[in-house]
Amino acid sequence: MANVTVIGAQWGDEGKGKIVDWLASRADAVVRFQGGHNAGHTLVIDGEVYKLSLLPSGIVSGTMSMIGNGVVLDPWALRDEVAKLEGQGVEITADNLAVADNCPLILPLHRDLDGLRETAAGKGKIGTTGRGIGPAYEDKVGRRAIRVCDLAHLDDLEPQLDRLCAHHDALRAGFDQPPVDRAKLLEELREVAPFVLRFAQPVWKRLKKVRKAGAKILFEGAQGVLLDVDHGTYPFVTSSNTVSGTAASGSGLGPNSTGFVLGIVKAYTTRVGSGPFPTELNDEIGQGIGERGHEFGTVTGRQRRVGWFDAVIVRQSCAVSGVTGVALTKIDVLDGLKTVKICTGYRLNGNVYDYLPSHAADQANVVPIYEEMEGWSESTVGARSYADLPANAIKYIQRVQELIECPVSLVSTSPEREDTILIRDPFED
């Protein structure tokens, strides 16, 4: 049986939480491999809504869940999220949750810097969640991060604090802010350390053991390929690699372990924050799709921008991330539309493009080329087999997979876990 890697193949918010939860109930272990608590995964199980930002989606189904070394971890956000889920009746212990002891920490100084930069950027804002993700990744590659394992050695932290504060104090001075309060930071770390250390361990070693036993591992990505720091719409991207290859480095298992790559794709397109969006709809149709799809960010609550399905960017995402099959979500949101459109290419400066150019100005100026299809009046909500779908919805799905040059493996027809049409089982591939 194959392991499965799940990634978003658009700008995030594709419905990964529901799909990962559905797959996690059939897996033996699930591991987050990048991002931080800027992710927003919403699960609906028997009418109960669970909103996750940092914890792997498998935690709700009781699947062994791990936070890999590729994640940047806010220890206070972890504690709050665990408490919230326990309040909803989810049991979380060291038996079903592991945190990589080499995860870099997101500290209050990272949140401060994130907010200061965005405020000062004016029209150049990236549109971050303001949670310190980017600055934490910067400190990781700058070799000045404080990591989970350091929480067990706080009395020896002074040399690392010297490096960290030398960098941040200079930046804070540029924003007319006082230096880092080192004593307060140490006090806060001492207070949260016992909680985090309950779950800390070498996740790579735990995964090796799980794999050796023949268990099925689910690798859970956050955000989407178009937010990848290399392959996304730079600079309007996240601070990590969101492509499937990161599953290997961000978990501690090799690239031969990541298995079937499932790209999650919404039946239309959305984006939160700044950046190019070729198929964006600023009209009543876009507003209607957004309202029916409840397009508000799980983490920030910000209203998502809405547009027609863009086959160009999804085809590109599938190519750079080696996607084996896609899960098409929110097909039910398109119910009732007389006409649906799919972007099949772009026009720019008299030329036709079958990919999204790399330069930000070109990305902002491309004009989408649309193919129109007849919509469907019948409801797809809750459909659990292909036969339950309207004929025009099936035609739409078939055309999507032709244009993105990748087969559709799953179709989601509501937020509920079981409202899923399985076409090709990733775990059996």
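Biologist: Which residue is the bridge partner of Leu262 in E13?

Modeller: Keep in mind that this is a predicted model. Strand E9 covers residues 260-266, and strand E13 covers residues 325-329. The two run in the parallel sense and pair over five bridges. Within E13, the partner of Leu262 is Gly325.

Biologist: OK, and what are the edge strands of the open sheet?

Modeller: Ten strands make up that open sheet, with mixed pairing, in the order E7-E6-E5-E2-E8-E1-E9-E13-E17-E18. An edge strand here pairs on one side only.

Biologist: Which residues does the cis peptide bond join?

Modeller: Most peptide bonds are trans. Look in the loop between strand E8 (217-220) and helix H8 (246-249), where Pro235 is found. Omega is about 10° for the cis bond there, and the pair joined is Tyr234 and Pro235.

Biologist: Is Asp176 buried or exposed?

Modeller: Asp176 sits in the loop between helix H5 (158-174) and helix H6 (182-197). Its phi is near 60°, a positive value in a residue other than glycine. The relative accessible area of Asp176 is 70%, and the cut-off is over 50%, so Asp176 is exposed.

Biologist: And what is phi of Glu405 near?

Modeller: Most residues other than glycine have a negative phi. Glu405 lies in the loop between helix H12 (391-404) and strand E17 (408-412), and counts as exposed at 63% relative accessibility. Phi of Glu405 is positive, near 60°.

Conventions. Residues numbered from 1 in each chain as written. Predicted model: local features only at pLDDT ≥ 70, side-chain atom pairs only at ≥ 80, totals over all residues. Heavy atoms only, no water. Pairing = 2+ DSSP bridges. Helix = DSSP H or I, 4+ residues; strand = E, 2+ residues; numbered from the N terminus. Buried < 20%, exposed > 50% of the residue type's maximum accessible area, 1.4 Å probe, protein only.
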